[in-house]
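Open the model in your viewer and keep the selection tool at hand. Each stop below says what to select and what is there.

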Amino acid sequence: MTVAASVAQRPRIPFLHLSGPGQFEFLGRWLAGQGWDVTFMHGGIDADPAHDGICTRRFALRDTTIPTGDPRHILDHAAQNCRGATELMFRMRHSEGYVPDVVVAHAGWGVGLGVKLVWPDCTYVAYHEWYYTDRNWDKRRAEKPADLAVMISDRMRNLPITGEFDLADASWCPTLFQASRFPPVLRCQITVMPDGVDCDLHRPDPQARIDFDWLRLPADRPVITYATRGMEPLRGFPQFLRGVARLQARHDDFDTVILANDSVSYGRPLARGDSWWLRMIDQLDLDHRRIHVNAMRPRDEYVRTLQASHAHVYFTEPFVTSWSLSEAMATGCLVIGSNTAPVRELVRDMENGLIVDMDDADEVADAMAWVLDNPGDAADLRRAARRTILADHDAARVFPAKDAWLRAAIGAPVH
């Protein structure tokens, strides 16, 4: 089928990712409902090949041959990912006759580097999350000292990323802060388009309470929440627990609910048997009767936890902004956020949340105490937080805008 013929019927769009649908899941499912022929292509675990009208195709992830301690491992890893994804694309085209109209790929892991080799006439959109650098491009200086090994590793990580720019017809990035990490010569090619939040799913519910098979709390019990992929310094987990310890020493009328895996997702992994959770409970005098920890939960439990939250803590070093920040604000959480650029892009102190120095445990505890002691003012900030997301990040606005952009790029009729 030619590109023109498929556009006249159902435009075809595969989403390429290393490990799963990732940030493309909700957009892809929405596009499928708008008449797109959607395929998720990734190297993750085996999945139902067809679900909700969406096809899933899995490519083989190949082992790299260079040890992880050698910076060449990074390029070897990207090359092997490129090989696996491109072999699948080649089979789809030459054995199945599959030709897409537009391809969207998560840049940086190598999976999109072969798109134009197989489908030279498609519109290719590279989705960029991060550029590894210690440099503030606007101020023309380094942000912090970095040793030579880190600088070389970062350079290797950036090579597959920069390799997307001469291939892509367009480059997307979800936040202004993340786009600012790219050198100006690349940044000018990037369009900032938020990922989008399902604000019907992530919505306030004054009646929500913590009532699960693993934890039940009284409906009137104040709850402080923390939810992220892993327990690690980059996401401010040790700093969060230090603040909780300070607050527990002052107040006995609240519980803390933590939804996170006891692992490191970003940064240097710890030795086997070690973890930041174990380190912190060894260092801090915590009342464990009032701290409830579980791994990442199904979305319905996650949303209900946010809805029941009195104060939701989101900390991060300057890095990729977690989806949980905008989801929490859409749910009407009062977010206590770190005084770092990715957080300040969404959270404005005393306007729609609170900003604190996450390394100052007393300041963190003071902010949590303020929320518990000032329910009226806190409610105003919660409403303002949701308004912020509804204005610029609501999927009901973001997804139609992306749909129109994609259709215009391939000459398809706009609904």
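**Salt bridges**

Select aspartate 287 to begin: at 18% relative accessibility, aspartate 287 counts as buried (buried is under 20% relative accessible area, exposed over 50%, partly exposed in between, with a 1.4 Å probe and protein chains only). This is a predicted model, in which local features need pLDDT of at least 70 and side-chain atom pairs count only at pLDDT 80 or more, while totals for chains, interfaces and linings use all residues. Residues are numbered from 1 along each chain as its sequence is written, and side-chain values use heavy atoms, with hydrogens and water left out.

Aspartate 287 and arginine 289 form a salt bridge, with the closest N and O atoms 3.0 Å apart. A salt bridge is a side-chain nitrogen of Lys or Arg within 4 Å of a carboxyl oxygen of Asp or Glu. Arginine 289 is exposed, at 71% relative accessible area. Side chains of opposite charge can pair when their charged atoms come close.

The structure holds 20 salt bridges. For another one, select arginine 221 and aspartate 255, whose side chains meet at 2.4 Å, N to O. This pair links distant parts of the chain, 34 residues apart: arginine 221 is in the loop between strand S10 (190-192) and S11, and aspartate 255 is in strand S12. Helices (H or I, at least four residues) and strands (E, at least two) are DSSP runs, numbered from the N terminus. Arginine 221 is partly exposed at 22%, whereas aspartate 255 is buried at 5%.

Next, select arginine 250 and aspartate 366, a salt bridge with its closest N and O atoms 2.7 Å apart. Arginine 250 is in helix H8 (residues 237-250) and aspartate 366 in helix H13 (residues 361-373), so the pair links distant parts of the chain, 116 residues apart. Arginine 250 is partly exposed at 43%, and aspartate 366 is partly exposed at 41%. Then select Arg62, Arg83 and Glu87, which are linked in a network of salt bridges.

**Around strand S13**

Which residues is histidine 292 in contact with, leaving aside its neighbours within four places in sequence? Select histidine 292 in strand S13 (residues 291-294). Its contacts (heavy atoms within 4.5 Å) are Trp214, Leu215, Leu217, Asp255, Thr256, Val257 and Ile258. Histidine 292 is buried, with a relative accessible area of 14%.

Select helix H10 (residues 299-308), where seven of the 10 residues are buried. Among them are Tyr302, Val303 and Leu306. The cover over the buried residues of H10 includes strand S11 (223-230), strand S12 (255-261), strand S14 (311-314) and H11.

Now show H11 (residues 323-330) with helix H14 (residues 375-392): their axes come within 7 Å and cross at roughly 120 degrees. Axes are lines fitted to C-alpha atoms, for helices over the stretch in contact, and angles run from 0 to 180 degrees between N-to-C directions. Ser326, Met329 and Ala330 in H11 meet Ala385, Arg386, Thr388 and Ile389 in H14.

**Two last selections**

Select isoleucine 54 in strand S4 (residues 54-58). Isoleucine 54 counts as buried, at 2% relative accessibility. Methionine 151, in helix H5 (residues 148-162), is partly exposed at 44% relative accessibility.
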